Amino acid sequence: MGRIGRWFDERLQLSPLFASFVDRKVPGNIGWFQTLGSATLFLLVVQIVTGIALTLSYAPTPSDAYESVLYIDSTPFGALVRGIHHWSAGLLVLFIGLHTLRVFIWGAHRYPRELTWVIGALLFLVVLGFAFTGYLLPWDQKAYWATVVGTNIAGAAPFIGDSVLVLLRGGEQLGAATLARFYGIHIWVLPASLLVLVGIHLFAVVRQGIAASPRWKPIVAPEPGLSRREAYEREYAAEKTSGKPFWHALIKDGIVAVILLVVIFTLAVGPGAPLEARADPNATNYVPRPEWYFLDLFQLLWYFTGDQEPLVIFLVFTVASLIFVLVPFVDRGNARHPLRRPFAMVLTGAVVLGVVGLTYLGATGTPAGVVKIPATAGMTPAQLSGLEVFNTTGCTSCHQIHGLGGHTGPDLSKAGFRWEAADIRQQIVTPKDEEMPSYSGLADQQLNDLLEYLTSLK
Amino acid sequence: MSENNPGEPVAGVRDLSRRRFVLRSLAALGGTIAAALGLPVLAFGSAQGWQWKEDAPAELIETSVPPTLLSDAWTPVGSLLDFEVGVPKYVIVDRPVVDGWVRADAPIGVYVVRKSDTEAVVFDPHCTHLGCPLTATPGSNAFVCPCHGGSFDTDGDVTSGPPPHPMFRYEVRVDGGAIVIGELEAEA
C-alpha cells in the first residue's frame, strides 16, 4: 500500500474488512457454474450505469419520447450506451435464469440458504418487471404494441384484472399517463427494490458462504444425534478446510465479466439497439411481437382461449410465481445431489423444455393474416371462393397448405385425400380438438365453398 | 447485548430498562412516520386502480382492451356514398381526446362498413382479445388479427379464435349523407 493508500486506510480502517472478505475460505469444488451469480451482478451494474446515463437525454412523454431516443442515438456515444443497455438487458434475463437454474439443480436453495433463494426469486421477478417497463420507453411500434398486449394479458387475470390493467396504464387507455408511470416504475420503484433485495441477497451469500457443489456422500461421516445445524456446520467446515481463498474464485468471475463485456460491446456496436418506426396507434398492418423473453407466454395464449384464458393467466402469473418464490418450502429435504432428487430434476427438465419450446414456436410462428395460399390453375369458382375464405378467416395461422401457413394445426395439403367432407365439416363447425376454434359463424355458402376447396386437395 | 470492555461502566438494571423503553419508543415512532408518509404515497400511486373501481360501470373495462384514446365528440368520418356496401374501409379522422394531462386533436383510425343506402357501422380497429391491430384483407369481408388468429366478419362478430367479444362499435348517426361517429360503445 502506498502513502496515499495508508492515509485513507488509517482514516477508514478498511483493510482488515477487505482482507477478511477476500481471504475467507470457500469450498474447493466451486467452479465455472458458480460464476453465473457474479455475471448477473455484473450485468445489473452495467444496466444501472448505462440506465442513469440514458435518463440524462430521455423525455418520458408520448410527444417527445421517440424523438429523444433518436436524439440519444445521434449524440456521440449515445447509440453505444443505448446499445449496451439494450443488449445487457437481454443477457441479464438470460443469466438470472441460468443462475436460478444452476442453484436449483445444485440444491443450493436448501438449508440454510432458503431465504437467499426467496430474495433471489423476488429479484428474478423484479428483473422481468424492468424488462416489461423498459421496452415501452422508446415509444416505437414494438414498444407500443407489446405494451398494449402485455397490459391486456394482465387485465385478463380473474377478479383483479380490471384494476390491474387500469393501474398499470395509469388510466383506461394507453397514453401519456402510461408512459410516465412505466418510466417512474423503471427508474425509481424497481431500482429501489432492486438495491434493497440485492443487498440482502449478497449479505446472505457472504454470511452463509458459497454453497459447496453437492456431493454424493458427505465428506464427514454423519454422526447420529447431531442437530441439523451441527451436522451442517461440521460438513461445511470440512468443505472449507479443503477449500480455497475467495480471491481464487474471483479470477473466474473476472474472466466471465470480461467475456460478457466483449459480447455486449460487440452487439452494441454491431447490430446496436433496434428502433422501429414511431409508435402509431392507427397502424393496421403491424404484427405485434413481444421481446424474446415474453414470447413463451404470448405463444401459450394460442392454446388456451375463452374461459380457460383467465385461469391460465392466474396459474402462470400468480400460482407459478408464488411456487417459484417459495421453492425451498415446496422442495424440502436434505439431499442436494441432483441424482438423489429425480422428481425435481424431471420437473425442471419439463419446465425448461416448455419455456424453450414455446419461445421457439413463438419466434418462428407465422402471423395470421399475412400468409396467403396462392390459387392454382384449373380451380373452379367455388374452389376459388373457398380458398378466399381459407385465406381471410385465419385458417392459415394454424394450417399449412403446400408449405405455406402455420404449424399449430394439421397440414391440410392432402385434406381431401385424408378425410371425408362430412368429417371436415364437423371439425370446422363443432371441433373436437380444443385448439381448433369453432367456425360456426361462417355462412352456409362460405362453408360449402371452403369444403369444396379442401376436398379438392389431394 | 454488548460485551463489557474493561474500563467501560457496566450497565445497571435501570439503564437496561430505559434502553429497552427508548429503543421501543423509537421503533414505534419510526413506524408512525413510515405510515404517515407511506399511506398517502401508496394511495396516490395506486389511485387509478381503486378510483376507477368505485365509479366504473361493469362493462366499461371492455373498451380498455383497445388502446384507442376516447372522445365524446361527434366527428364526421366521410360521406355514406364514398363507401361500397359491405366492404370495410379504413379511415383516420382527427378527434378531440384527453390523454392524461394532454388535451388535443389526435388522429383516430376506424373501420367503416356501409350497410345500405342509409346505414353504416363504424368499428374500432383493434382485436377484442388483446388489442392487436386488425387487418382487413383487401377483397375479403373479414378482419383478421395477427396475434392469435382471431377473426371477425363485417358485422364485427367473431368467426374464429380467442376474441371474447364482437368488435367494438362507435355510436353512429347519418346526417345528410355524412357518417358521424360518437362515443365508443362499451356494450359490444
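Guide: Gladly! This is a predicted model. Let's begin in chain B, where β1(B) and strand β10 (residues 178-184) of chain B pair in the antiparallel sense over four bridges.

Visitor: What makes β1(B) and β10 of chain B a pair?

Guide: Strands pair if at least two bridges are found between them. β1(B) and β10 of chain B have four bridges, so they count as a pair. You can look for Ser79(B), which stands opposite Ala178(B) in β10(B).

Visitor: Which strands make up the open sheet, and in what order?

Guide: There are three strands, in the order β1-β10-β9 of chain B, with antiparallel pairing.

Visitor: Why are β1 and β9 of chain B called edge strands?

Guide: β1 (75-79) and β9 (170-175) of chain B each pair on one side only. On average, neighbouring strands of this sheet are turned by 30 degrees against each other, direction ignored.

Visitor: How many residues does each chain bring to the contact between chains A and B?

Guide: Chain B gives 45 residues and chain A gives 45 residues. Residues are in contact here if their C-beta atoms, placed from the backbone, lie within 7 Å. On the side of chain B that touches chain A, the largest share, four residues, comes from α2(B).

Visitor: What classes of residue are on that side of chain B?

Guide: That side has 23 nonpolar, 18 polar and four charged residues.

Visitor: Which domains does chain A have?

Guide: The domain assignment gives domain 1 (26-364) and domain 2 (381-455). Their C-alpha centres lie 41 Å apart.

Key. Residues numbered from 1 in each chain as written. Chains lettered and ligands numbered in written order. Predicted model: local features only at pLDDT ≥ 70, side-chain atom pairs only at ≥ 80, totals over all residues. Domains from an automatic or database assignment. Contact = placed C-beta atoms within 7 Å. Helix = DSSP H or I, 4+ residues; strand = E, 2+ residues; numbered from the N terminus. Nonpolar A, V, L, I, M, F, W, Y, C, P; charged D, E, K, R; others polar. Axes fitted to C-alpha atoms, helices over the stretch in contact; angles between N-to-C directions.
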